[in-house]
Structure formats: C-alpha cells, structure tokens
Number of protein chains: 4
Amino acid sequence: MNLWILSEGVNYELKMTHKDLKENLKEVHQLKITNETNIVELIDSLKNSGFNAKRLALACEIYNEMVNDKDCIKFFGLAGALVPAGMQKILHDFIKEGYIDVLVTTGANLTHDLAEALGYHHLQGDQIDAKGFNDSDLYKSEMNRIYDVLMPNKVYEGIEDFVSNLKIPDNEMTVSSFLQFLGNQLPNNSESILNICAKKDIPIFCPAFTDSGLALQIGFNHQQVNLNHFKDMLKMVDLAWDAKKAGVCFIGGGVPKNYIMQSLQFCPTSASYAIQITMDRPESGGLSGATLKEAISWGKVNEKAKYSTVISDATVALPLIFWFLKESKKKN
Amino acid sequence: MNLWILSEGVNYELKMTHKDLKENLKEVHQLKITNETNIVELIDSLKNSGFNAKRLALACEIYNEMVNDKDCIKFFGLAGALVPAGMQKILHDFIKEGYIDVLVTTGANLTHDLAEALGYHHLQGDQIDAKGFNDSDLYKSEMNRIYDVLMPNKVYEGIEDFVSNLKIPDNEMTVSSFLQFLGNQLPNNSESILNICAKKDIPIFCPAFTDSGLALQIGFNHQQVNLNHFKDMLKMVDLAWDAKKAGVCFIGGGVPKNYIMQSLQFCPTSASYAIQITMDRPESGGLSGATLKEAISWGKVNEKAKYSTVISDATVALPLIFWFLKESKKKN
Amino acid sequence: MNLWILSEGVNYELKMTHKDLKENLKEVHQLKITNETNIVELIDSLKNSGFNAKRLALACEIYNEMVNDKDCIKFFGLAGALVPAGMQKILHDFIKEGYIDVLVTTGANLTHDLAEALGYHHLQGDQIDAKGFNDSDLYKSEMNRIYDVLMPNKVYEGIEDFVSNLKIPDNEMTVSSFLQFLGNQLPNNSESILNICAKKDIPIFCPAFTDSGLALQIGFNHQQVNLNHFKDMLKMVDLAWDAKKAGVCFIGGGVPKNYIMQSLQFCPTSASYAIQITMDRPESGGLSGATLKEAISWGKVNEKAKYSTVISDATVALPLIFWFLKESKKKN
Amino acid sequence: MNLWILSEGVNYELKMTHKDLKENLKEVHQLKITNETNIVELIDSLKNSGFNAKRLALACEIYNEMVNDKDCIKFFGLAGALVPAGMQKILHDFIKEGYIDVLVTTGANLTHDLAEALGYHHLQGDQIDAKGFNDSDLYKSEMNRIYDVLMPNKVYEGIEDFVSNLKIPDNEMTVSSFLQFLGNQLPNNSESILNICAKKDIPIFCPAFTDSGLALQIGFNHQQVNLNHFKDMLKMVDLAWDAKKAGVCFIGGGVPKNYIMQSLQFCPTSASYAIQITMDRPESGGLSGATLKEAISWGKVNEKAKYSTVISDATVALPLIFWFLKESKKKN
C-alpha cells in the first residue's frame with residue numbers, strides 16, 4: 001500500500017504505479033522573504049520552487065560546484081553586447097575571482113570593453129523616445145542606439161586613434177594572442193575584460209572577430225594583418241581535449257556557444273556542468289535556443305552532467321549569479 | 001560650442017544638433033557588486049544600466065512610489081498559476097504589507113491557493129524526465145504536470161470535499177463576495193491569498209472564474225449557483241472611477257490585465273503608475289504582450305505616467321521586487 | 001549487420017544499437033517550389049522538412065483528419081483579438097465550412113466582430129509612427145491602438161446604440177444563449193462570427209465575457225442582467241462528455257485553451273487530435289505556452305493523440321491552414 | 001468639419017485633431033480565401049491586414065521591389081542552420097533566380113549544404129521522443145540532434161574524406177575565395193548553395209568560418225591553412241561602398257546580420273530596403289532581435305528606407321516569400 005504523507009495531517013493513498021517516481025518527488029517550498037533574507041538564502045529557497053526561478057537557482061548551484069571543482073576547466077561563452085548595458089565590471093569580476101578559465105566572446109563585447117577602458121562611456125537612452133526624438137534625430141546627432149543605450153560615434157574615433165598607434169607584433173599572430181597583446185596595452189585600473197584576461201593569462205577566443213568595429217579599425221589601419229583564426233580553433237580543441245573535466249556557461253547563444261560546443265564534441269570529456277542564460281528558445285531549430293539536453297546527443301554535454309537553462313535577460317541573471325557566488329565563497 | 005565631458009580626461013565636441021537630447025543623457029554606470037551590496041543598492045545601481053536590468057530597477061522604483069503615494073489605488077493583475085511555482089507566500093505578503101489594494105486574478109491561482117491552504121502541496125517534477133518518466137506515466141500515476149511542477153489528482157478530491165460542504169450564503173452573490181466568503185473559511189495561519197484578502201478586505205476579482213478547477217467543483221456540487229459576474233464588472237469600474245490616482249501592476253497579461261485596463265479606460269483617472277512583468281511581446285498583437293505605451297492611446301495609462309515593462313519570468317522578478325520594497329520600507 | 005542506404009551511391013554501416021530507432025527514420029526532403037506548386041503540395045512537402053514548417057504541415061494534416069472524422073467533435077479555442085487584424089472572414093469561413101463544432105473565445109473577438117458586423121471598420125495604423133504621431137496624439141484623436149491597427153472610439157458608440165436597444169429575452173440566460181440571441185440580431189450578409197454561429201447552431205462559449213467592451217455596454221445599459229456562466233461551464237463539460245471523439249485547435253492560449261482543456265480532463269474521451277498555434281512557450285509555466293504533451297499527464301489529450309504545436313503568429317498560420325483545408329476538400 | 005466615411009452607411013464625425021493622421025489611415029481588409037486564391041493575391045490581401053501577416057506581406061512586396069530595382073545590390077544574411085530543415089533548394093533557387101547578390105552566412109549552413117551535396121541526408125527525428133528514445137540513446141547511436149532533425153555522425157566522416165583530398169590552392173586565400181573554390185568542386189547537379197554561388201560568381205562571406213564542422217575538418221587535415229578573414233572584411237566594405245543602392249534581407253540575426261550592417265554603417269549608401277525574418281526580439285538588447293528602425297540611428301538603414309520585420313520561423317516565411325517572388329515574376 002502506498003501511503004504518502006504530503007503534509008502534516010493530510011495523509012492519503014497515492015495511486016503510484018511507479019515506485020521510482022514516488023521516491024524522487026519533493027514538495028514545492030513556498031518561498032518566504034524576511035528581514036534576514038540574503039542572496040544565498042534566497043537562491044537556496046528558489047531551488048525548491050518551480051519554473052525559471054528554480055532554473056536560476058540550479059544555475060547558481062551548478063556554477064558554485066564548478067568553481068569548487070579543482071579539476072574543472074570553466075568555458076564561458078559570452079554573446080551579445082553586455083558592456084553597453086553596464087555589465088563590464090561584473091564580467092571583469094567573474095574573471096578576477098577565478099570563475100572563468102576560457103572566454104569565448106563576440107567582437108562587440110571587446111569593442112565596447114575597449115571603449116570604456118579608453119575612458120569613453122555609453123549613455124542611457126531610454127528617455128529619448130519620451131522626449132520626442134526618433135532614430136533619424138539620433139542619426140543626425142551621431143548617436144548609435146542599442147535598444148535603450150546610446151554610443152556616440154565619437155567613440156569610434158577614440159578607438160581609431162588607439163588602434164592606429166598599435167605596434168602589432170606579428171601580422172599572423174592568432175586572434176587570441178592579439179587580444180592578449182591588446183589587453184596589455186590598456187590601463188591596469190580600467191576594470192576592462194581585455195586587461196584582466198591579459199593579466200591573469202585567461203585566453204579570449206573571438207571566432208567572428210572581423211565582425212566588429214574593433215576589427216574594422218584594425219583592418220583600415222593595418223592592412224597587412226591576417227590574424228590566424230585556424231590556430232585558435234585548434235588551440236581551443238586542445239584546451240577541451242586536455243581538460244580533466246569541463247564546465248560550460250553560455251550567456252546567450254550565437255558563435256560563442258557553438259565554438260565551445262564544437263570543441264567539446266570530439267573530445268573524450270564532454271561537459272560535466274552546463275549552464276545557459278538566454279532568451280532564445282528551441283522551437284525554431286537554432287543553436288542559440290537549443291536545449292542542453294539536445295547537446296547530449298552530440299556528445300557535447302555528458303549524459304550525467306548537471307545542467308540548467310534559464311530563460312532570462314542576462315542583465316538580470318548575471319549580477320544575481322555573481323552575487324550568489326561571491327557570498328557563497330565568503331561563507332566557506 | 002558643444003563641449004561634452006564624457007568622463008574625466010576625455011573631453012570632446014559632440015555634434016549635437018538637438019540641445020534637449022544632450023541635456024537628457026546620463027552615462028551608463030558599470031555595476032559593481034561588493035561585500036556590502038544589498039538588494040536596495042543593487043536595484044539602485046541597475047537603474048543606471050540598460051536592457052531588462054534597468055526595466056526591473058525602474059519597476060521597483062515605480063512600485064515603491066506607488067506604495068508611498070497615499071492617494072494611489074494599487075490594482076494588481078495576476079495571471080498564470082504562480083502558486084504551484086512557490087510564489088504563494090510572496091503574493092500573500094504583497095497583500096499583507098499593503099502593496100495591493102485590488103486583486104484581479106485567474107481561477108488557477110485561486111484553486112492552487114486553496115489546495116495549499118487545505119494542507120496539500122505541489123511537488124517538484126524536474127527529475128521526472130531524467131528518471132525516464134514521461135507524461136503517459138504521470139497520467140497513470142494521476143500526477144498532473146505544470147511544466148516542472150506536479151499536482152496529484154488527489155488534491156482535487158480534497159478540494160471537492162471542502163467545496164461540497166460549503167454553505168454558500170447566496171446563489172447569486174458576486175464572484176468577489178463569494179471569494180471573500182471562501183477566504184474566511186480558511187485557516188488563518190495558512191498564508192493563503194484568499195484568506196489574507198478576506199481578512200484585510202481586499203477585493204479579489206476573477207472574471208474567468210468558471211474557467212477553473214475550483215469553479216467546476218462548485219458547479220458539480222452546488223447546481224443552483226449563478227454567481228454574478230456583471231455586478232463585479234460594474235463594481236470594478238466604480239473602484240477605478242473613484243480612485244484619486246491609479247497604479248497598476250500586471251504579472252503576465254491575460255484576463256487580469258485586460259479587466260483592469262478596461263475599467264480604467266472610461267474613467268477620469270487613467271493609471272499614473274504602470275508596471276508589467278511578462279514574457280509576452282507586442283509583435284503578434286495580443287493584449288498580454290502589448291506595450292504600456294500603447295495603453296496611452298486608449299486612455300488606460302496616463303501620458304504622463306511612469307511605466308516599465310520587464311521581460312522576465314515572474315518567478316524571478318516578483319521575489320526581487322518584494323525584497324526591494326520590504327528593504328526600502330525598513331530604511332524609511 | 002546494419003547497412004543503411006542514406007541515398008543513392010552512399011551506403012554505409014550505421015552504428016545503430018536501437019533497431020526501432022533506425023526503422024522510424026525518414027530523410028528530410030529538400031523542398032522545391034515550381035511553377036506548378038499549389039498550397040496542398042507545399043504543405044505536403046513541408047511535412048517532410050523540420051522545425052516549425054513541419055509542425056505547420058502536421059497541423060494542417062491533423063486538422064484535415066479531424067474534418068474527415070465523422071465521430072470527432074472539433075473544439076476551437078480562439079484567444080486574442082484576431083478580427084482587428086483582418087481574420088474575421090477566415091474565422092467565419094472556418095465555421096461555415098464545418099471546421100468548428102464548438103467555439104470558445106474571448107470577449108475581444110466578439111466585440112470586434114460585432115463592430116465589423118455593424119458596419120464599422122478597424123484601421124491600418126502602421127504608418128502612424130513613421131508620420132511622427134505617438135500614442136498621446138492617438139489618444140487626443142480618440143484612436144485606440146492595437147499594435148499596428150486602430151479602432152476609433154466612435155465604434156464604442158455604435159456598439160452602445162446597438163446594445164442599448166437589445167431586448168434581452170432573459171436576464172439569467174447563459175452567456176452562450178445570449179451570444180446566439182445576439183448573432184441572430186445581426187445582418188445575415190455580414191460574414192460575422194456571431195451571425196454564422198447563430199445560423200449554424202454552433203455554440204459560442206465566452207467564460208471571461210465580462211472582460212470585454214461588449215459586456216461593459218450590456219452592464220451599463222441592462223443593469224439587471226446576470227448571464228449564467230456556471231450553466232455554460234456544465235454544458236461545456238457535457239459536450240465533452242458526450243463526444244465520441246474529441247479534437248482541439250487552439251489559436252493562442254489563455255482562457256479559451258484552459259476552458260476546453262478542463263472540460264476534457266474529467267471525461268472518458270480526452271482529445272484524439274490536438275493543434276495549437278501560438279507564440280507562447282512552455283518555460284515560464286503558463287498554460288498558454290504549455291506543450292500538448294504536458295496535457296497528456298492531465299488526461300486532457302490522449303497519449304495516442306496526433307498533435308502539433310506551431311510557434312507562429314496566428315495571422316500567418318490561420319489563412320494557410322484554411323487554404324489547405326479548402327483545397328484538400330476540393331480534391332476529394 | 002471632419003466627416004469620415006468608414007463604410008457604406010456609417011458616416012460619422014471624427015474628432016481628429018491631426019489632419020495628417022486622418023489622411024494616412026486606410027481600412028483593415030478582412031481577408032477572404034476563395035477557390036481562385038493564389039499566393040500573389042493572398043499576400044496582396046494580407047498587406048491590408050495587421051500584425052505579422054501584414055509584416056510578411058510587406059516583406060514580400062519590399063523584396064519584389066528590390067529584385068526589380070536594377071541599381072540595388074541585395075545583401076542576404078543567413079543565420080542558423082536551415083539546410084537540415086529542408087530549405088537547401090529554396091536557398092539555392094533564391095540565388096539561381098537572381099534574388100541574392102552577396103551572401104553572408106554561418107559555417108553551419110555551409111557544412112550542412114556540403115553534406116547534402118556529397119549525397120548525405122539529414123533525417124526526420126520528430127518520432128524519436130514518441131518512440132521512447134532520448135538524447136543518450138541518440139548519442140549511443142551516433143545521431144546528432146538539431147531540434148527535430150538528426151544528422152548521423154557518419155556525415156562527418158564523409159566530409160572529412162572530401163576535405164582531406166582537397167588541393168587548397170593558397171593557404172592564405174580569403175575565406176570567400178576558398179568557398180568559391182569549394183563550390184566548384186561540387187557536382188553541378190547538386191542544388192547546393194556553395195555550387196550555385198560559385199557558378200554564378202555570387203560571393204559567400206562567412207566571418208565565423210572557424211566556428212563550424214567544415215572548418216574543423218580543414219584545420220585537422222590542412223594545418224598550414226590560414227584563410228584570410230581581414231581581406232574579406234574589407235572586400236565586404238568595398239562592396240557596400242560601391243553599391244549605388246543597397247537592400248538587405250536577414251534570415252535570423254547573428255553574425256551575418258551584424259557583418260552586413262557594419263559594412264553599410266560607414267558607407268555613403270545605407271540600406272534603402274530592409275527585411276528581417278526572425279524569432280528574436282529587441283527587449284534584451286541583442287543585435288539579432290534589434291529593430292530595423294534602430295539601425296537608422298547607426299546609418300545602416302536609410303531613414304527613408306522601406307523596411308519590415310516579420311516575427312516568424314524562417315522555415316515558414318522563406319518558402320512563402322520565394323513562392324511570391326517567383327509567381328510575381330511570372331506575371332510580369
């Protein structure tokens with residue numbers, strides 16, 4: 001007889017044909033926020049809830065495990081352009097705290113990181129519309145819009161000045177070596193992603209580097225440059241091959257996700273930990289929205305891996321994950 | 001001459017044909033999380049970022065203003081089924097703390113709230129798939145799935161027991177009066193939404209009440225019942241009409257959003273504050289994803305209103321908003 | 001030995017541990033559009049493709065099977081407001097051609113259907129923004145915006161004139177009876193949904209009827225009205241109970257989807273055919289985006305049912321499905 | 001006096017403070033599908049509807065104008081992996097019919113195109129789940145899943161055989177030259193994208209080429225290769241610079257969209273025609289979902305451009321657009 005106590009005072013027999021099913025079920029906890037709530041408690045509590053709150057809590061827990069697993073190489077795929085939205089220092093601190101071992105990102109993030117490192121700033125643009133300005137007005141004012149953020153054209157001029165004066169050591173160096181060289185040219189107090197990666201010897205891969213404002217300036221000013229993308233591709237496979245254990249965290253999908261995934265595909269070690277924070281969904285078949293479960297079929301993610309996909313804007317989830325990791329560390 | 005200091009040491013002339021544009025621009029702040037970060041600081045900092053992080057921060061700020069505005073009637077539209085995902089106590093505490101004056105919700109939320117109040121629980125179901133069970137197995141085990149949460153069929157039996165014993169005072173009472181009567185039958189220690197609303201005399205409107213498991217049990221067991229929906233509709237219009245000032249917060253869209261909006265449409269006071277937390281988008285024309293700006297054309301939202309739409313799962317945003325409001329209150 | 005011919009000239013041994021898997025695999029056909037392509041061929045071809053094209057083709061095929069299955073009662077859940085987007089005659093013709101047996105819809109669709117039936121029109125509004133008008137301008141011009149469609153406030157006055165003159169036969173009639181009465185008042189040449197349903201004796205259920213401009217006008221002008229929602233709820237369960245076989249098609253989610261689903265849940269016959277056209281997704285736990293597979297756990301959809309979810313704007317998918325059904329019929 | 005005839009018999013005075021607004025408004029047409037409906041009529045009719053149906057119709061119309069504008073260079077950005085979903089021949093025919101002048105795409109599309117050209121096929125995988133197989137089973141069977149499509153690992157072996165035997169003419173040739181070389185190695189009867197582009201001298205740019213299975217095989221087998229990405233970037237800017245007029249069509253976003261956009265940004269001619277078919281949305285700030293209006297601020301799209309964004313799975317929209325273009329051509 002299957003008698004199942006669902007809560008104090010409410011016992012009843014459950015028609016439970018599958019014994020295993022029964023044994024794996026836990027109650028949903030109704031979350032309570034009190035005067036003493038802190039980020040670690042909040043996330044721990046959400047772990048026993050449902051929907052994306054639970055997925056976010058699981059992502060935090062999995063990331064924390066990755067960080068504490070000495071054997072795990074943490075691959076971090078960063079799509080989009082998060083620096084314009086104020087995430088530069090969070091990303092800088094992910095690297096500084098040792099939460100990232102290999103960074104794969106877009107040229108956009110590097111271009112905007114460079115702009116901030118050189119002393120330029122992005123501007124808040126959400127009042128534009130309310131004030132009666134439209135995109136034609138912005139064009140005339142040489143203000144480039146990224147949803148609710150603006151980047152003045154002047155920033156490109158600053159980047160061009162900087163880039164044109166670079167003494168590139170080797171026209172055929174790999175993209176990742178070039179990015180390390182670049183990071184070392186930046187002021188050490190800048191909280192720049194490029195700079196902290198250079199200082200900590202964290203490789204940055206940027207497979208679509210020529211798809212960026214930064215690469216355009218390099219191309220315009222250093223016409224002999226032919227940075228090597230293929231050596232980076234093979235180096236990346238080597239990093240995946242040599243990893244005792246692999247963990248992946250994808251912020252958005254795009255090229256960074258695929259590049260990490262393809263490196264793991266042919267390796268003995270598929271990912272043991274996998275996190276993805278995205279607004280993309282699987283139904284239209286693109287890799288950006290593909291489930292982490294699908295990656296098991298490819299051998300990119302291990303069938304025994306711990307994984308969690310959170311459907312969330314990265315600007316909301318990233319600070320929370322970082323805050324959780326930092327506070328969890330403090331407690332240990 | 002337009003000289004614009006973007007940051008220390010980087011001065012340059014900006015081709016800014018629109019003086020007003022220039023004067024309204026603020027820098028994006030790069031967020032920093034430290035050992036001293038608390039929820040109020042985090043949100044305040046995100047207010048100067050971009051994308052949904054900024055929208056969430058604005059939503060928190062606007063909600064806080066609503067709470068502190070004595071003249072403002074706070075209409076809260078709650079779609080979906082958030083109790084199964086662990087949000088019952090958060091919602092209970094929104095009401096307890098005085099953050100909601102009028103609640104419009106779905107029958108689903110009320111049904112699940114009643115289940116928890118009667119001592120039943122929802123179950124975490126995210127391991128189902130990993131253990132090799134599918135929806136046919138769940139059906140045989142009489143487990144109803146709501147994404148990653150399960151509700152045993154037995155819960156319906158408990159609700160039926162409870163409902164069949166109700167002495168409904170008036171077959172033609174309004175739905176909102178019935179819900180108040182119902183709330184008063186529930187144990188006071190239950191942290192139930194129905195119960196706290198009854199105790200605090202907060203009206204609950206449920207325009208699609210017969211679209212719920214709870215209403216089905218009422219219909220099966222009390223065949224003479226014809227709860228009045230029209231009087232509620234007019235009462236709701238009266239509440240909107242009488243409000244000195246109106247504020248709205250929509251969790252998801254659906255009927256709760258439209259019902260609040262239609263009440264405001266014909267009133268002298270359209271909403272002065274408006275928040276919506278949703279995963280729906282405007283492009284396919286449904287009201288659930290419609291922008292708050294569109295509501296200005298209808299006279300539902302005031303053209304001078306403060307408003308913010310956050311594209312986020314409510315299970316992530318709601319606890320953060322509540323936490324922010326609670327901590328902000330403590331500081332005052 | 002597993003020798004598998006993937007295409008002419010390319011034979012190879014497939015490491016296929018699961019015999020069943022192998023036997024169920026068909027090649028993806030690369031679609032070809034020629035001078036002779038018609039809608040039936042296009043859809044048939046897409047049935048062997050992937051992603052949402054395939055889902056749409058399956059939805060067409062399943063709907064066609066429903067139509068040809070004499071035992072099947074076809075429940076049609078219509079959310080949103082599709083009449084403003086030009087879908088009134090398509091929906092009218094779905095009913096006229098016998099593709100719908102029971103309609104469950106929103107008050108919005110009925111309100112807009114009534115407006116068109118009375119000779120009013122919705123207006124194309126996509127040039128508004130380009131011409132420099134915003135929602136405040138629209139408000140001043142008494143133009144209500146629905147994404148890129150406008151409805152002049154004047155329409156409400158026309159509806160009020162019509163409604164105030166209605167001689168409602170019974171203040172406590174069911175909503176569905178009232179809607180039949182209403183349909184019969186409309187001109188027979190109107191291609192109105194209300195009118196064709198009345199003429200063909202197709203019941204219309206509208207569980208959230210008081211959440212509509214139409215109901216507001218009824219409430220304002222006929223204060224004694226208390227249309228019965230509970231009897232409709234039970235009548236709907238009876239319809240589901242009495243169906244030899246059931247098929248469901250959901251355009252969007254919301255109340256119409258849930259109302260049909262809850263009626264099927266407690267019946268001996270769960271749905272044998274199920275289609276849903278939606279932009280909503282499952283990850284945030286709402287019923288609107290819930291998979292049809294999930295509905296199997298509830299006993300709403302049969303575990304042997306044929307089902308397909310298409311992630312598509314209904315304004316794109318609906319005309320294609322109708323066109324396919326109509327042309328398929330012609331061929332038989 | 002503003003008297004506005006909305007339809008026969010219904011005249012009324014419109015409170016229309018903005019004369020321009022009034023003059024720009026047209027009625028929404030209620031679509032009718034008859035026995036004589038063809039794709040051109042359907043699309044023409046949808047042009048006067050609303051929501052995404054209208055956007056799709058506008059996209060068709062704009063594409064047709066581009067095709068008929070002799071001065072217009074048509075840039076086509078193709079993200080994702082559409083060949084596995086059966087779109088290879090549609091894309092092939094877009095090129096064959098002269099609808100594309102410059103193609104920018106992902107390595108994924110090229111890898112899958114090559115596979116099909118070599119005689120391999122993708123497999124329909126939507127029955128996998130229903131048959132009780134999961135991603136671990138697929139992994140053991142060496143079947144890689146792309147949502148509901150499968151690609152056997154064996155395909156990689158075929159690609160490797162082919163690639164290892166290539167005599168690459170120049171290790172430092174540009175990616176686009178290499179892709180032209182590659183296309184010329186493929187059978188002319190293959191309906192391959194690579195082959196038709198080579199034959200018609202349509203350049204293919206692939207900025208993230210090393211993010212692909214094809215590039216991995218090249219890297220593994222031809223270790224001296226350092227295909228030049230920078231020359232392609234500059235060549236692309238030249239193409240944009242030299243265009244009398246530019247038109248863009250984006251299928252999905254990602255690198256292809258950004259690469260075309262960055263090339264137009266610094267040119268005298270921004271895009272005069274712009275179409276985007278995507279499931280991505282603007283609210284989380286990524287370029288993939290960014291509106292075409294935003295691109296005006298960057299000078300990527302002309303403020304007088306005709307543009308349309310369709311929120312749709314490309315597998316649904318692409319065949320319809322192609323069908324429309326082909327039938328429209330026939331009529332001329």
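Tutor: D:Asp201 is found in the loop between helix H9 (193-200) and strand S9 (204-205) of chain D. Helices and strands here are DSSP runs, numbered from the N terminus: H or I over at least four residues, or E over at least two. The backbone is worth checking: D:Asp201 has a positive phi of about 60°, although it is not a glycine. Most residues other than glycine have a negative phi.

A:Asp201 has a positive phi of about 60° and is not a glycine either. The loop between helix H9 (193-200) and strand S9 (204-205) of chain A holds A:Asp201. A:Asp201 is exposed, with 7 other C-beta atoms within 10 Å.

Some ground rules. This is a predicted model, in which local features need pLDDT of at least 70 and side-chain atom pairs count only at pLDDT 80 or more, while totals for chains, interfaces and linings use all residues. Residues are numbered from 1 along each chain as its sequence is written, and chains are lettered from A and ligands numbered from 1 in the order in which they are written.

Confidence next. The model scores ipTM 0.94 and pTM 0.96. Chain A has a mean pLDDT of 92, and 92% of its residues reach 70 or more; pLDDT is the predictor's confidence in each residue, from 0 to 100. Residues 1-14 of chain A are under 50, with 23 contacts beyond four places in sequence. Two residues are in contact if their C-beta atoms, placed from the backbone, lie within 7 Å. Where pLDDT is low, the predicted coordinates should not be read in detail.

Now chain A overall. Chain A has 14 helices and 12 strands. Of its 332 residues, 63% are buried. Its C-alpha atoms fill a box of roughly 80 × 55 × 40 Å along the principal axes. Among contacts in chain A with a separation of 6 or more, 75% join residues 24 or more positions apart.

Back to chain D and its partners. 72 residues of chain D are in contact with 72 residues of chain C. Helix H14 (residues 314-331) of chain D gives the largest share of that side, seven residues. By class, the side of chain D that touches chain C has 30 nonpolar, 23 polar and 19 charged residues. Nonpolar covers Ala, Val, Leu, Ile, Met, Phe, Trp, Tyr, Cys and Pro; charged covers Asp, Glu, Lys and Arg; the others, Gly among them, are polar. Strand S3 (residues 26-27) of chain C pairs antiparallel with strand S6 (residues 123-124) of chain D over two bridges; pairing takes at least two DSSP bridges between the strands. C:Lys26 stands opposite D:Gln124 in S6(D).

With chain B, eight residues of chain D are in contact with eight residues of chain B. That side of chain D has two nonpolar, four polar and two charged residues.

For contrast, look at a buried site. B:Val149 is in strand S8 (residues 149-152) of chain B. B:Val149 is buried, with 24 other C-beta atoms within 10 Å. Beyond four places in sequence, the contacts of B:Val149 include A:Val28, A:Gly50, B:Pro84 and B:His122. B:Pro84 is 65 residues from B:Val149 along the chain, yet their C-alpha atoms are separated by 6.6 Å.

Terms used
A residue is buried if 20 or more other C-beta atoms lie within 10 Å of its own, exposed if 12 or fewer, and partly exposed in between; C-beta atoms are placed from the backbone.
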